[in-house]
Amino acid sequence: MSSYFLYFGIILIANMLGALSGMGGGVLIKPLFDLIGIHSVAEISFYASAAVLTMAIVSTIKQWRNGMALQARLAIYISLGSILGGLAGGKLLELLLASHMEDNMVRISRSLSLS
C-alpha cells in the first residue's frame, strides 16, 4: 500500500516539474516507476497511463471552463490516431519479441516505447 503513496508523490512531483519545463509530467512518470521496480512492467504502464489520462482530462475540463472552445472533430481524430498508434506499437513489440532478440534488448525497446 505504501508504494501507492510513493507513486502518488512521483506523479505529483513529475507533473509540477513537467508543468514548469513545458514538457509534461508523463515523460518522467514511467521511467521513475521503472526505476523503483516494485511492480511489473504491465502494472507500471497502466499506472503511468492512468495518471497521464487523468491529467489530460483535468486539463481539458479546466481549459473548457475558462472559455476555450473544444474542437470535437479534431479531438476525435487525435484520439483515433492515438488508438491506432498504440495498436501499431503493440504489434511492433510482438514482432520484436518474435524475432528472438535478446531479452535485455526487448526490455530496453519496451521501456523506450512506453515512456
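Tutor: Before we start, a helix here is a DSSP run (H or I) of at least four residues, and helices are numbered from the N terminus. Keep in mind that this is a predicted model.

Student: Okay, then where does Leu12 lie?

Tutor: Go by the helix numbering, which starts from the N terminus. Helix 1 covers residues 2-21. Leu12 lies in helix 1.

Student: Is Leu12 buried, partly exposed or exposed?

Tutor: Buried means under 20% relative accessible area, and exposed means over 50%. Leu12 has a relative accessible area of 44%, so it counts as partly exposed.

Student: What about Thr60: buried, partly exposed or exposed?

Tutor: Thr60 has its place in helix 3. The cut-offs are under 20% for buried and over 50% for exposed. Because its relative accessibility is 41%, Thr60 is partly exposed.

Student: Let's zoom out. What pattern does the protein follow along the sequence?

Tutor: Start with the secondary structure: there are five helices and zero strands. Reading along the sequence, you get α-α-α-α-α.

Student: And what percentage of the residues count as buried?

Tutor: Remember that buried means under 20% relative accessible area. The protein has 115 residues, and the share of them that counts as buried is 16%.

Student: How many aromatic pairs does a search of the whole structure find?

Tutor: Rings of Phe, Tyr and Trp pair when their centres lie within 6.5 Å. Searching the whole structure on that basis gives three.

Student: Is the pair of Tyr7 and Phe33 stacked, tilted or edge-to-face?

Tutor: The centres of Tyr7 and Phe33 are 4.1 Å apart, with 20 degrees between the planes. Planes under 30 degrees apart count as stacked. That makes the Tyr7 and Phe33 pair stacked.

Student: How many residues apart are Tyr7 and Phe33?

Tutor: Tyr7 sits in helix 1, while Phe33 belongs to helix 2 (residues 26-36). Both residues are buried. The pair links distant parts of the chain, and the two are apart by 26 residues.

Student: Which residues do ring pairs link into a cluster?

Tutor: Tyr7 and Phe33 already form a pair. Ring pairs build a cluster that links Tyr7, Phe33, Phe46 and Tyr47.

Student: Which elements give two or more residues to the largest nonpolar core?

Tutor: This core has 10 residues in all, among them Tyr7, Ile29, Phe33, Tyr47 and Ala51. The elements that give two or more residues to it are helix 1, helix 2 and helix 3.

Student: Which residues does Ile11 touch, not counting residues up to four places away in sequence?

Tutor: Ile11 is found in helix 1, and it is part of the largest nonpolar core. Contact means heavy atoms within 4.5 Å. Setting the sequence neighbours aside, Ile11 touches Ile29, Phe33 and Ala51.

Student: At roughly what angle do the axes of helix 1 and helix 2 cross?

Tutor: Helix 1 passes helix 2 in a right-handed crossing. Their axes come within 9 Å, and they cross at roughly 145 degrees.

Student: How many nonpolar residues does the contact of helix 1 with helix 2 have?

Tutor: The helix 1 side includes Leu6, Ile10, Asn15 and Leu17, and the helix 2 side includes Leu28, Leu32 and Ile36. By class, this contact has no charged residues and one polar residue, and its nonpolar residues number 11.

Student: Last one: how far apart are the C-alpha atoms of Leu12 and Ile29?

Tutor: Along the chain, Leu12 and Ile29 are 17 residues apart.

Methods. Residues numbered from 1 in each chain as written. Predicted model: local features only at pLDDT ≥ 70, side-chain atom pairs only at ≥ 80, totals over all residues. Heavy atoms only, no water. Phe/Tyr/Trp six-rings, centres within 6.5 Å; stacked < 30°, edge-to-face > 60°. Buried < 20%, exposed > 50% of the residue type's maximum accessible area, 1.4 Å probe, protein only. Core = buried A, V, L, I, M, F, W, Y, C linked by side-chain atoms within 4.5 Å. Axes fitted to C-alpha atoms, helices over the stretch in contact; angles between N-to-C directions. Left-handed = near helix turned anticlockwise from the far one by under 90°. Nonpolar A, V, L, I, M, F, W, Y, C, P; charged D, E, K, R; others polar.
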